[in-house]
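Subject: Structure handover

Dear colleague,

Please find the structure we spoke about below. My notes come after it.

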Amino acid sequence: MPIDPAVQSLQLLVDLPFREGYVRSIVSVSLYVSLIAVALSTLFSIPVAVVLGFNDFPGKGLVKAVINTGMGFPSVVVGLVVLFAVSNQGPLGSLNLLFTKQAMILSQFVLATPPITAISLAAITGVDEDVRDAARALGGTRLDAALVVLKEARYGIATAVLAGFGRAISEVGSVLIVGGNITGADGISKTRTLTTAIQLEARQGQYGTAMVLGGVLLALVLLINAIVVRFGDWGVQR
Amino acid sequence: MLRATAVSRSYGETVVFENLSIDVEPGEVVAVIGPSGIGKTTLLRTLALSLEPDEGTVSFDGTDAWEVDDPDRLALRRRIGMVFQAASLFDAPVARNVEYGLRVRRSWPERIRAELRSLVAPSGTADAVRDALDIVGLDDKRAQHVESLSAGEAQRVSFARAVAYDPDVLLLDEPTSDLDPRNTAVIEDAIAEARDRRIGVVVATHDMYQAERVADRVAVLLDGGVTEVGPTERVFDDPRDPRTRRFIDGELVY
């Protein structure tokens, strides 16, 4: 009787057949790349969303259309473009980024920025204009009014960051292309992430191992979600 | 004190008002009455220095507010309190809303220090905040989140928020149009309290009975301009402009 993959993966969790440090190194590469990419993306996206939300200028519709289109960028295409950019002949070739974590961060930044910007922008424009007017009328500067709007939009912005993180950490195509899914001779991950490891294990027929890694990935995403939602509640003293 | 002289304002082709003049002195309540949609809100925003008039001047104690540079105009704006038709409260506890005006007047290092301190040890409510909430009878609600307030209470918090930083002028845009009689009475008492504190109050309203109750002077806004300004009693009993007379008669019958 063939062993059910679920049972098999439970056995693996107990036995942990991985080389010591292997899973930990994959998790840390995944988190390192995704967290840094999403942090950079957030730092870039929120000011852009504030500027777009607070100002009207010719071509604003076009900018928003480009951002919305960016949400649908196929990740393998982004990976390919970043691969060309960081390859020896590419514009960033001199930085020697090919098959490094930095290249993976770059491609995840490109993938995470459109959803974070678009969802933040929707949250910011969704804040009642009266609230912005009130901040100004009570003696606030433009910066004060922007801070009030950001605070009112904090749940939407938290959702935006989560969406960006979700896209980054669950992404396979581009990190495989620009990162190369590499481990060192000691079996410790250099550019192997949870997703690329799962893809590799599954292709080799190691379904149990793949499922354990999948469970770890799922648990990580849930944990980060919980932290961000909790974070969104800070500053509200009910 | 705060004076608009011969101001005009249009949105595109639509003229809201032309050649309009109005002023308010300390300790005086001026009611701007007129039908809905006539431009009372635009006039109040012009007085609040948040909207630049197309023509004419707005001056505060003799200083033309649109001739000075931005920091000076901000300083003038900060002597004005404003209450909107909708309460427009921030998603935070009552006291946090009321202290907003005080908070933005502090320097950034002070503000950051105060925020950090309040994270470690929640400090007591500032006297100015309690005093402002006292005017509208809501001091006991200062720790509540604004979500738990009724519409009337929310508007009273909005009033407290505008007087907490002790402005010289208070601009009220239809402050009671969505309220029940009890909350309306609280706001009207608070207007009287503001006058006693030597604040100049301009209240836009379409309720002529309210204007009669609270105002020392009335400005009647009709057809893109003020048709008549004068002491409340005189304007209601003996309007000099035939348009004012028609408006008042029509409303009073209704």
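This is a predicted model: local features need pLDDT of at least 70, side-chain atom pairs count only at pLDDT 80 or more; totals for chains, interfaces and linings use all residues.

Residues are numbered from 1 along each chain as its sequence is written, chains are lettered from A and ligands numbered from 1 in the order in which they are written, and side-chain values use heavy atoms, with hydrogens and water left out.

Overall shape

Chain B has 11 helices and 10 strands (DSSP runs, H or I of at least four residues for helices and E of at least two for strands, numbered from the N terminus). Its C-alpha trace spans about 65 × 45 × 35 Å along the principal axes. Of the 254 residues in chain B, 54% are buried (buried is under 20% relative accessible area, exposed over 50%, partly exposed in between, with a 1.4 Å probe and protein chains only).

Salt bridges

Over all chains, the search finds 26 salt bridges (a side-chain nitrogen of Lys or Arg within 4 Å of a carboxyl oxygen of Asp or Glu). B:Asp139 takes part in one with B:Arg130, with the closest N and O atoms 3.3 Å apart, and in one with B:Arg142, at 3.4 Å from N to O. B:Asp139 counts as buried at 17% relative accessibility. B:Arg130 is partly exposed at 34%, and B:Arg142 is partly exposed at 25%.

B:Asp241 pairs with B:Arg243, the closest N and O atoms being 3.3 Å apart. Here B:Asp241 is buried at 16% and B:Arg243 is partly exposed at 32%. Elsewhere, salt bridges with shared partners link B:Arg3, B:Asp23, B:Glu25, B:Glu28 and B:Arg217 into one network.

Negative patch

B:Glu212, B:Glu233, B:Asp237 and B:Asp238 form a negative surface patch (residues with over 30% relative accessible area and no salt bridge, like charges being joined within 9 Å; Asp and Glu count as negative; a charge is placed at CG of Asp or CD of Glu).

Regards

Definitions and conventions
Patches are made of residues with over 30% relative accessible area and no salt bridge: like charges are joined within 9 Å, nonpolar side chains (Val, Leu, Ile, Met, Phe, Trp, Tyr) within 5 Å. Accessible areas come from the Shrake-Rupley method with a 1.4 Å probe; for residues, only the protein chains shown count as cover.
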